[in-house]
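Work through the exercises below with the sequence and the coordinates open. Each task is followed by a solution in steps.

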Amino acid sequence: MKNIIVVANIKIKPEFKEEVYNELVKLHKNTHQYDEGCIYYELHKSLSEENSYTFIETWENQEFLTQHESKSHFEEFLTNIENKLESVEINKLEKILI
């Protein structure tokens, strides 16, 4: 199976900047601690857009990504950021070159 790459662009509403940032950091930590099949999972801050962050992830395959999305720490993250974002754009890609 091919690796799955996820690029998740997140823009936080200004009034929730600190709260959501803390949730992003917690998700990053929990993913590294609890998720199998995670090759790369890093959080980046935009240099050009205030309150904008990007997760860049590499998963061994779709099965491990699906497991991640059903873990309690991921579901808790989604609940805790609900209605606190200006926008979210998630792109899922399949790695084609080794």
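**Exercise 1. Find which elements the buried residues of α2 pack against.**

Solution. Step 1: take the buried residues of α2, which are F64, L65 and H68; buried means under 20% relative accessible area, exposed over 50%, and partly exposed in between (1.4 Å probe, protein chains only). Step 2: check their directions. They lie on the same side of α2 because they cover an arc of only 100° around the axis, the arc being that of the directions from the helix axis to the C-beta atoms. Step 3: list the contacts (heavy atoms within 4.5 Å). These residues pack against β1, α1 (17-34), β2 (38-45), β3, α3 and β4. Helices (H or I, at least four residues) and strands (E, at least two) are DSSP runs, numbered from the N terminus. Step 4: look at the start of α2, where a side-chain oxygen of N61 comes to within 3.0 Å of the backbone nitrogen of E63.

The model is predicted: local features need pLDDT of at least 70, side-chain atom pairs count only at pLDDT 80 or more, and totals for chains, interfaces and linings use all residues. Residues are numbered from 1 along each chain as its sequence is written, and side-chain values use heavy atoms, with hydrogens and water left out.

**Exercise 2. Describe the largest pocket and its lining.**

Solution. On a 1 Å grid over the protein atoms alone, a pocket is an open set of points where a 1.4 Å probe fits, with protein on both sides within 12 Å along at least five of seven lines; lining residues have an atom within 4 Å of a point. Step 2: the volume of the largest pocket is about 240 Å³, taken as the space filled by probe spheres set on the points, which are joined across faces, edges and corners. Step 3: 18 residues line this pocket, and A8, F74, F77, L78 and I90 are the closest to its centre. Step 4: at least two lining residues come from each of β1 (4-12), β3 (52-59), α2 (62-70), α3 (72-81) and β4 (85-94). Step 5: by class, the lining holds 14 nonpolar residues, one polar and three charged. Here Ala, Val, Leu, Ile, Met, Phe, Trp, Tyr, Cys and Pro count as nonpolar, Asp, Glu, Lys and Arg as charged, and the others, Gly among them, as polar.

**Exercise 3. Is K84 buried or exposed, and which residues does K84 touch?**

Solution. Step 1: locate K84 in the loop between α3 and β4. Step 2: its relative accessibility is 15%, so K84 counts as buried. Step 3: leaving out residues up to four places away in sequence, K84 touches I12, K13, F16, E19 and V20. Step 4: with E19 there is a side-chain to side-chain polar contact at 2.3 Å. A polar contact is a pair of N or O atoms within 3.5 Å; within protein, one must be able to donate a hydrogen and the other to accept it, and residues adjacent in sequence count only if both atoms are side-chain atoms.

**Exercise 4. Examine the positive phi values of N51 and N83.**

Solution. Step 1: N51 is not a glycine, yet has a positive phi of about 65°. Step 2: N51 sits in the loop between β2 and β3 and is buried at 6% relative accessibility. Step 3: phi of N83 is also positive, near 65°. Step 4: N83 belongs to the loop between α3 and β4 and is exposed, at 60% relative accessible area.
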